[in-house]
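The entries follow in the order in which I checked them.

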Amino acid sequence: EAGFRQPHIGSTFFMRSGINRNRENILLSRPTLALGVSAYSASAHYQYQNIINMDAYRQRVLNNEPAIGDIVGISNGDRFRKYVIEATKLGYMDKEVFKTIFGISISDVFGMELMALKEMGLIEENGKDISFTFEGVRYIKEIRYLFTDKEIRKELIIPSRPINNFKGGLP
């Protein structure tokens, strides 16, 4: 809305063995300081982007001033959604990590969504993890839309394809 662009997670965010340890702080909502022109930093409830223009950035640094161009507040709901959407790229969500980071159970936040996915045979749940079934992995992109903000979801054009013979795709 204010023209702030979300950070590009990039193809190196996740690796076959899990989260790229160099980018782990972003997913886990740990404070992250990035230096340089247009770099992104974050704290639990804010994301920052440094000034994009090199000359303006250099001048701020020379004046011993913060080189931050944009600051955006991040609600708890957005933090929950960001974690789940990024974690789906791994094919599983760690329930204990979610509870440790946010102080609330993932089922308390996304209970209806998880129940729908379970009923459709797209996820399996054990004590620690929520993992995607083979069928669920096939629909990861569509499943991620389920965890977006409801108001934003209304504005998205989501390609619909039947999942497990459920007409119309995800709820």
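I call a residue buried under 20% relative accessible area, exposed over 50% and partly exposed in between, with a 1.4 Å probe and protein chains only. I am working on a predicted model, where local features need pLDDT of at least 70, side-chain atom pairs count only at pLDDT 80 or more, and totals for chains, interfaces and linings use all residues. Residues are numbered from 1 along each chain as its sequence is written, and side-chain values use heavy atoms, with hydrogens and water left out.

Entry on aromatic pairs. I found seven of them in the structure, counting rings of Phe, Tyr and Trp (its six-membered ring) with centres within 6.5 Å, as stacked for planes under 30 degrees apart, edge-to-face over 60 and tilted for the rest. One of these is F80 with F102, edge-to-face at 5.1 Å centre to centre and 85 degrees between the planes. F80 belongs to helix α3 (residues 76-88) and F102 to helix α4 (residues 95-102), so their pairing ties together parts 22 residues apart in sequence. Both F80 and F102 are buried.

I then looked up F110 and F147, an edge-to-face pair with 5.1 Å centre to centre and 85 degrees between the planes. F110 sits in helix α5 (residues 106-119) and F147 in the loop between α7 (140-146) and α8 (150-155), 37 residues apart. F110 is buried at a relative accessible area of 5%, and F147 is buried at 1%.

Entry on I68. I placed I68 in strand β5 (residues 68-73), and noted that I68 is partly exposed, with a relative accessible area of 32%.

Technical notes. Helix = DSSP H or I, 4+ residues; strand = E, 2+ residues; numbered from the N terminus.
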